[in-house]
Amino acid sequence: MELKTERQTAFFINRLKKKAKHLRRWAGRNGVHAYRIYGRDIPEVPVDVDLYENRDTGEQFLHVSFYRHASGSKTEEEDYRLKKMVEAASTALSIPPENIYIKTREKQRGEKKQYEKLGGKNISFYVEESGSSFKVNLSDYLDTGLFLDHRNLRLKVKEKACGKRVLNLFCYTGSFSVHAAAGGALSVTSVDLSKTYLARAKENMLYNGFSSGIDGSYEFICSDVMEFLRLEELRGKTRKWDIIICDPPTFSNSKRTEKILDTGRDWAVLCNACLEKLEYGGSLYFSTNSKKLRFDREKLTPPAGTEILCKDITEESTPEDFRGKRPHRCWEITLKKSGNG
């Protein structure tokens, strides 16, 4: 076991050093201070290694996610291998062991586990991304509060947001909302069922200088997304949005709602509800981490008198530190008046 692990460790160290050398230059040029260095590149080393740099102090941290064997059984060999890999990452990247936070991921059924609290250490600080700052928590949840693979899509929204009304569904901690506001959005509406994450979204907005304002241009709505879209229709509200971001969890059965969301099953219903609230010429960005979802453009039914242009933008929405992977799939769905196609 030790000899095999030593060989794997040597490969791992070489891989880390090579990728870190390239990515540090790339990150410096692009104002990125949180990025993935290693993503299960070697099958025998099933870890993700993400680097986070404290905006205020410049101190660097590693967030290591270890993917346990599919059997779900904890083994002494796995634990020994993880220990050696963490030691290797510390050495290769010159990050002290006390600045490395390890999470174990196992195949789960039911509710999305990354939203569950793991502990109360509250190792939190702000990281910078292309001029905006986001609070991350490395200790208390499986995920840190910032999905690194959506960086390109966030910047795309920022580029298109000037003067636009933006709706951020399943907003999590509001990173899309912050970038939309930074891009000059006329208004930003953030919707999430979790009060905890909605509060963090508001905190991120405030930290970046975007308060709610007298005109209510920045809204934070605690609601099930489908219920929010349905009630907008029932109440006869005519408002529509120019940009809608829809990045649902693969599966959710939150205790705060009786409804179960299975994105692989419900994606078309969800997208069609979004299209009803999309302004002519506007774009819906639908993204998913589901490997099983079968996207079929024919299942999309735009409102009467309109048509859609549908483009798979997965490649352009995948950032440099995730190249060669497929962390998500993403489509840009633009609504047009019929005949203007």
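This report walks through the sheets, helices, core and aromatic rings of a predicted model.

## The seven-stranded sheet

Start with the sheet built from 7 strands. The edges are β9, residues 218-222, and β14, residues 306-312. Each edge strand pairs on one side only. Between neighbouring strands of this sheet the average turn is 15°, direction ignored.

Now look at one pairing inside it. Strand β7 covers residues 165-169, and β8 covers residues 187-192. The two run parallel and are joined by 5 bridges. In this pairing, R165 stands opposite S187 of β8.

## Helices across the sheet

Helix α3 spans residues 151-160. This helix lies across three strands: β10 (241-246), β13 (278-288) and β15 (329-337). Its direction makes an angle of about 170° with β13.

Helix α4 spans residues 175-182. Helix α4 lies across β7, β8, β9 and β10. Against β8 it runs at about 180°.

## The four-stranded sheet

A further sheet has 4 strands, in the order β1-β2-β3-β4. This sheet is open too, with mixed pairing. Its edge strands are β1 (34-39) and β4 (100-105), and each pairs on one side only. From one strand to the next, the twist averages 20°.

Strand β3, residues 60-67, runs parallel to β4. The two strands are joined by 6 bridges. F66 has T104 as its bridge partner in β4.

Y67 takes part in a contact of another kind. The charged end of R40 sits over the ring of Y67. The distance to the ring centre is 3.7 Å.

## The nonpolar core

In soluble globular proteins, nonpolar side chains tend to be buried together. In this model, the largest nonpolar core holds 30 residues. Y52 and V166 have the most contacts inside it.

Which elements give two or more residues to this core? They are β5 (124-129), β6 (132-137), α3, α4 and β10. Helix α4 gives the most, with 4 residues.

## Aromatic rings

Across the whole structure there are 13 aromatic pairs. One of them joins F147 and Y172. Their ring centres are 4.6 Å apart, with 15° between the planes, and the pair is stacked. F147 lies in the loop between β6 and α3, while Y172 lies in the loop between β7 and α4, so this pair ties together parts 25 residues apart in sequence.

Is Y172 buried or exposed? Y172 counts as buried because its relative accessibility is 6%, and the cut-off for buried is under 20%. Y172 also pairs with Y197: the centres are 4.8 Å apart and the planes stand at 35°, so this pair is tilted. Y197 sits in helix α5 (residues 195-207) and Y172 in the loop between β7 and α4, so the pair ties together parts that are 25 residues apart in sequence. Y197 is buried as well, with a relative accessible area of 3%.

These contacts belong to a cluster. Ring pairs link Y141, F147, Y172 and Y197.

How values were computed:
Residues numbered from 1 in each chain as written. Predicted model: local features only at pLDDT ≥ 70, side-chain atom pairs only at ≥ 80, totals over all residues. Heavy atoms only, no water. Pairing = 2+ DSSP bridges. Axes fitted to C-alpha atoms, helices over the stretch in contact; angles between N-to-C directions. Contact = heavy atoms within 4.5 Å. Core = buried A, V, L, I, M, F, W, Y, C linked by side-chain atoms within 4.5 Å. Buried < 20%, exposed > 50% of the residue type's maximum accessible area, 1.4 Å probe, protein only. Phe/Tyr/Trp six-rings, centres within 6.5 Å; stacked < 30°, edge-to-face > 60°. Lys NZ or Arg CZ within 6 Å of the ring centre and 35° of its normal.
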